[in-house]
Amino acid sequence: MGMMKGLDAHGTGHLSHAQLCAIADGRAGEETRLQAGEHLAECDACMEAYLALLEQTPLLVPAAPADAKVRQVQRRRRAAQARVLQVGVLAAAACLAVVVWGCSAGHPQAPGNAPLDTQRPGFAQQLDDAARDVADVMDGLFSGKGK
């Protein structure tokens, strides 16, 4: 565990509190920081002292305007999501209307008590296909591809 010249001013083999503070505060020069980094990697006692010093250092707190900006971005995102949802519902309704209109065109009217499948052959299958298509479109809108 060799110390570079200038780091062990007291001959203890460890970094002094002042040296650790200078490194933590960013006041130490690049060469000193590199030498101290090598020593900290090898010396558990100095590493513990350095980490304890860092724990005492207060964290930077963002200014209040950042909070307002975050809320503004969140409001815009919710509004955009609401618009996408509205478009999706309208698209689903339009698809359903086209399917129902397309299935009823050209088919004779069955007796009133007949099941839906016998009134319009293939209607249930067409409705299932349309529902799957709408679900695929909705999945595409909400999967994040538009972000």
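**Reading a helical protein chain**

Guide: Buried residues make up 18% of the 147 residues in the protein chain, where buried means under 20% relative accessible area, exposed over 50%, and partly exposed in between (1.4 Å probe, protein chains only). This is a predicted model, in which local features need pLDDT of at least 70 and side-chain atom pairs count only at pLDDT 80 or more, while totals for chains, interfaces and linings use all residues. Residues are numbered from 1 along each chain as its sequence is written, and side-chain values use heavy atoms, with hydrogens and water left out.

Visitor: How many helices and strands does the protein chain have?

Guide: Helices (H or I, at least four residues) and strands (E, at least two) are DSSP runs, numbered from the N terminus. Here the protein chain has six helices and zero strands, and its elements follow the order α-α-α-α-α-α from the N terminus on.

Visitor: What share of the contacts joins residues 24 or more positions apart?

Guide: A contact means heavy atoms within 4.5 Å. Of the contacts in the protein chain with a separation of 6 or more, 56% are between residues 24 or more positions apart.

Visitor: Which residues of helix H1 are buried?

Guide: In helix H1, residues 17-25, the buried ones are Gln19, Leu20, Cys21, Ala22 and Ile23. Their cover includes helix H2 (30-42) and helix H3 (44-56). Just after H1, glycine 26 has a positive phi of about 85°.

Visitor: Is aspartate 25 buried or exposed?

Guide: Aspartate 25 lies in helix H1, and it counts as exposed because its relative accessible area is 53%. Threonine 57 belongs to the loop between H3 and H4; with a relative accessible area of 39%, threonine 57 is partly exposed.

Visitor: How many salt bridges does the structure hold?

Guide: A salt bridge is a side-chain nitrogen of Lys or Arg within 4 Å of a carboxyl oxygen of Asp or Glu. The structure holds one. Aspartate 25 forms a salt bridge with arginine 27, and their closest N and O atoms are 3.2 Å apart. Both aspartate 25 and arginine 27 are exposed.

Visitor: What is the accessible surface of the protein chain?

Guide: Accessible areas come from the Shrake-Rupley method with a 1.4 Å probe; for residues, only the protein chains shown count as cover. For the protein chain the accessible surface is about 11,100 Å², and 60% of this belongs to carbon and sulfur atoms.

Visitor: Which residues gather in a patch of positive charge?

Guide: Patches are made of residues with over 30% relative accessible area and no salt bridge: like charges are joined within 9 Å, and nonpolar side chains (Val, Leu, Ile, Met, Phe, Trp, Tyr) within 5 Å. Lys and Arg count as positive and Asp and Glu as negative, while His and the chain ends are not counted. The place of a charge is taken as NZ of Lys, CZ of Arg, CG of Asp or CD of Glu. On this surface, the positive patch gathers Lys69, Arg71, Arg75, Arg76 and Arg78. Arginine 71 is in helix H4, residues 64-104, and counts as partly exposed because its relative accessibility is 46%.

Visitor: Which residues form the nonpolar patch?

Guide: Leu85, Val89, Val137, Leu141 and Phe142 form this patch on the surface, and together they have about 430 Å² of accessible area. H4 and helix H6 (123-142) are the elements that give two or more residues to the nonpolar patch, and H6 provides the largest share, three residues. Valine 137 lies in helix H6; at a relative accessible area of 44%, valine 137 is partly exposed.
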